[in-house]
Amino acid sequence: MKYRTFVIPRHIHYGAGALHRLSTVTCQRALITTDRVIRELGIVERVESILRTNGAETRIFDQIEAEPSKETAWQAFHLAQEFKPDLFVGLGGGSCMDVGKVAWVLYEHPDLASWPVADLAGAVGSRELRTKARYVAIPTTSGSASEVSGAAIFIDWEVHPPLKTGVFSEQLVPDVAILDPELTLTMPPTVTADCGYDALIHAVEGYVTSIDHPSEMRDTFALRAANTIFEWLPRAVADGRDLQAREKIHLASLQAGMSMQGGTLATTTAATGPGEQSGPRWPPAPIHVPSHAMGAAFRIPHGRANAFLLCPVFAFLYPTHKARLCSLATSLGIAGEDDRAQISNLLDALDQLKQTVGIPLSIRDSGVDEARWLEQVDLLATDTCSRSGPADVGLSVNELKGIYMHAWNGTRAELKE
């Protein structure tokens, strides 16, 4: 009998001033994974001050880039080996939280550090964490939902095309998530828009593709998050100091991440060494899988890459996922004289939201070199399907190339029965 497991942090503190709840987390040595911008803004110093009030020693790793590499994650792991923390604090955007998670896994299981990336990813699901340290996630952006997810993403730049991959396990869901919207007030409008759209897709992708395994838990969070983002993201982008809008989007991002957790159907087998696969089998991700590949190959921010692919993918899914697309539209208050018109209006509204928050409709208009795109799109589609498997991406090579080209042009396929 199939069943679902819904895993979220034991404690979720949210709202203005929630950062002070970090004082309830006791530890002796805390390793903070972050980036230089967060440190320059003084946020790291605030976190250190709270931890030190409880007598904790702290160490900072602030070398994390926007799209973190395998090398960066391993550097954080080596620092952890030296420092021996009993608490990891992921502070910043999704990259900062994800690098902290990877370092945490390797710190708990250093034998995995020498495994090939593909084998490492397969083994994590069968490994126990928390024998050495716990994990606290403090997001300063509103989009990745790493603070409630069992995923940690990084890029292996040593292969071609670059491989955006990661590790996945319910063990990676943080122990504590602290969502203080005051920490998001310095997010630039572009970052706010990209992250907000990422959160929107976390909500709607799983909702629409879950026709075989609907989940009341996921659906509740997904629809609530989608409605909040539609209403409040334009305000958060227009005025970054609007604390009410920031809090709404910060919480919606969390709810969207919880909707992904709520939809997981997974079986896990043990892996004992390189070459042996294990871990969760995740449901199809026809937006996220191609987005990861495209973002790594052309250095497109993750949320923006998702935004480019959303409408082309949903148009492709129209014949098989019509009921769920109509349900999403109805929830968002979008009507139509029939199913086709309602879904067309939904896609128009999704494109309009992009324009409102300043995201280009097409990759062509985003600064990617056209010659390079046309030269690499075939390889990108082929490699994405071969690496991920048709069951994961949900598209054939030709179908995926068509999706990519629609994203390039800012178009979508005609809705056909």
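I took axes as lines fitted to C-alpha atoms, for helices over the stretch in contact, with angles running from 0 to 180 degrees between N-to-C directions. Helices (H or I, at least four residues) and strands (E, at least two) are DSSP runs, numbered from the N terminus. The model is predicted, with local features needing pLDDT of at least 70 and side-chain atom pairs pLDDT 80 or more, while totals for chains, interfaces and linings use all residues. Residues are numbered from 1 along each chain as its sequence is written, and side-chain values use heavy atoms, without hydrogens and water.

Helix pair. I found that the axes of helix 3 (residues 70-83) and helix 4 come within 8 Å and cross at roughly 50°. Helix 3 is therefore oblique to helix 4 (under 35 degrees is roughly parallel, over 145 roughly antiparallel, 65 to 115 roughly perpendicular, the rest oblique). On the helix 3 side, the contact (heavy atoms within 4.5 Å) includes Trp74 and Phe77; on the helix 4 side, Leu106 and Tyr107 are among the residues.

I read six strands in an open sheet, order 1-8-5-4-2-3, with parallel pairing; two strands pair if DSSP finds at least two bridges between them. Strand 1 (11-14) and strand 3 (57-61) each have a single partner strand, so one side of each lacks a neighbour in the sheet. Strand 2 (residues 29-33) pairs with strand 3 over five bridges. I noted Glu57 in strand 3 as the bridge partner of Arg29.

Helix on sheet. Helix 4 (residues 94-108) lies across strands 2, 3, 4 and 5, at about 160° to strand 4.
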